[in-house]
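This report sets out selected structural elements and the way they pack. Please consult the sequence and the three-dimensional view alongside the text.

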Number of protein chains: 2
Amino acid sequence: MIVTVTANPAVDTTYEVDALVPGRSLRVSRVWERPGGKGLNVSRVLRGLGEPTLAVAPLGGPTGRWIARALTGDGHRLRVVPIEGTTRRTLTVVGTDTTVLNEPGPPLSARERAALTEAVRDALTGARALVLSGSLPPGAPDDLYAELVRVAARARVPAVVDATGPALLAAAAAGAAVVKPNADELRATTGGCGADAARQLLRAGARSVVVSLGSRGLLAFHGDRGWRAGAVPGVTGNPTGAGDAAAAAIALGTAAADPWPRTLARAAALGAAAVLAPTAGEADPRAYRAFLPTVHVEEYA
Amino acid sequence: MIVTVTANPAVDTTYEVDALVPGRSLRVSRVWERPGGKGLNVSRVLRGLGEPTLAVAPLGGPTGRWIARALTGDGHRLRVVPIEGTTRRTLTVVGTDTTVLNEPGPPLSARERAALTEAVRDALTGARALVLSGSLPPGAPDDLYAELVRVAARARVPAVVDATGPALLAAAAAGAAVVKPNADELRATTGGCGADAARQLLRAGARSVVVSLGSRGLLAFHGDRGWRAGAVPGVTGNPTGAGDAAAAAIALGTAAADPWPRTLARAAALGAAAVLAPTAGEADPRAYRAFLPTVHVEEYA
């Protein structure tokens, strides 16, 4: 069983319009809503592969209740940390362009943050890995994920952290098993790019570093070694959620203590399967199995 | 007491962004939510003037519950018609432009429409006027307002209808006391503009017709006569909701059987007070009383 944490979940809302024209009054022809947040996407992908997961999330207000009902109605295991604020929305407006409007989300009080830590500690009983994914709530201390990495270490559960900036750096310093920025997040965290920047995160304390590069594949670094997995060629679709699918593969590989070339190949294949899926947090297991043998992994200096 | 009906209410949500740039992922810096819908705005304005009101609205889902709680928490009298669908949202994105995204809203089943009619019939006991305002739910028959006009006629309560197209035409044919299109709605309903188009609605069966012209004032037609009220000059602000404030003044005048010049002056002054208010459905009573003596009303052929 793998535990995921979504510190700042959202109701992901999609509006279909003819075209988003600023300054106009526009008719929305269709509306979709789904539970959103990177940790919840990771749980969804893991469950699609048959791996049991427990999702931990602070939830509040009507949007929070809606997420809890939607997830448990779909058979997901969820541990809710009740909060006083109202869970945020993210809005994607699909017309001739795709535009995303991200609400900041509710801040967590010190008491609510302590309750989140306690919920994660409880959830880790019997867990094979912990995944900490996505943005922190506004005003949260930069060491929120680092603290959860330390809680996991005390429970001997490896932690995979997909975040950015000071929160990622603090998680690395707390000894995260894996930190997984994308190229932009790596630059926002270290100021650099490529192997040198990734190795900064190893020196900071992370045991492994994976950098997702979108259509240019993935890099992994552990000790003195590095590997590169090429992306599955010719896959086009919705890249949102590909990083979450890669995080799910990394969590599975970390839980099983698999060698990095195998884990990296799985991350590339699962990311490609997620690009094919119409919505974030889905990855067709058949596409994943078809892609897996096509991924090439090589040593990378 | 004046009864208002909001057939397709909404949670009016406002996002503050730096600039709405299509194709980008944007940070929302502030989020506001308020109960929305033209009938609810009319109730709010009436209540601000000390007139008791009862708002009737079909509401469903988390958004519907939120509206009910917000209104009753503010002391509004509300009669909810429970529906299976989820009450819609409208989103206003305020950046360098103001952009509005209107969700269509849930359709009402035949049973829910019958329950709405029944709720209005009950609500009319002791009412001085009925106000029917705003768009119909998607798929509703064009005679939904007309049917409520007939219900009001049987209860000897005058009905004021602020709508457009076939729904407005049907309400006129059902003998509405007043139909109140704006210039665009008049054109959408009759294909014409000005006095000739307004008199078409009288011939269709409406007892009076008011046309709101924004900064060009208001026209009223009754029998062979017509009047024009000039707008209060130099008032700038938020025009959303000015028409609802005018509808509130027309409902008060209709309830009291006031002469049209007086009602029209009040509608112009209250509309101007609504333009000064930051949000739709508010009109500062002091501004209204200050504006009222400045409004000029003349005969209009």
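## Basis of the model

This is a predicted model, in which local features need pLDDT of at least 70 and side-chain atom pairs count only at pLDDT 80 or more, whereas totals for chains, interfaces and linings use all residues. Residues are numbered from 1 along each chain as its sequence is written, chains are lettered from A and ligands numbered from 1 in the order in which they are written, and side-chain values use heavy atoms, with hydrogens and water left out.

## Annotated span of chain A

An unreviewed UniProt entry records the feature "domain: Carbohydrate kinase PfkB" at residues 8-283 of chain A; such annotations may be inferred rather than shown by experiment. The span is 39% helix and 24% strand, and its end C-alpha atoms are 22 Å apart. Helices (H or I, at least four residues) and strands (E, at least two) are DSSP runs, numbered from the N terminus.

## Strand 1 of chain B

Strand 1 of chain B (residues 2-6) is largely enclosed by the rest of the structure, because five of its five residues are buried (under 20% relative accessible area, 1.4 Å probe, protein chains only). Ile2(B), Thr4(B) and Thr6(B) point one way, while Val3(B) and Val5(B) point the other way.

Two strands pair if DSSP finds at least two bridges between them. Strand 1 of chain B runs parallel to strand 5 of chain B (residues 53-59), joined by four bridges, and Ile2(B) stands opposite Thr53(B) there. Five bridges link strand 1 of chain B to strand 9 of chain B (residues 129-133), also in the parallel sense; in strand 9, Ala129(B) is opposite Ile2(B).

## A sheet spanning both chains

Five strands form an open sheet of mixed pairing, in the order 4(A)-2(A)-7(A)-8(A)-3(B).

## Helices 3 and 4 of chain A

The axes of helix 3 (residues 110-123) and helix 4 (residues 144-154) of chain A come within 10 Å and cross at roughly 30 degrees, the axes being lines fitted to C-alpha atoms over the stretch in contact, with angles from 0 to 180 degrees between N-to-C directions. The two helices are therefore roughly parallel (angles under 35 degrees). Contact, meaning heavy atoms within 4.5 Å, involves residues including Leu116(A) and Val120(A) of helix 3 and Leu148(A) and Val151(A) of helix 4.

Key
Buried means under 20% relative accessible area, exposed over 50%, partly exposed in between (1.4 Å probe, protein chains only). Angles under 35 degrees count as roughly parallel, over 145 as roughly antiparallel, 65 to 115 as roughly perpendicular and the rest as oblique.
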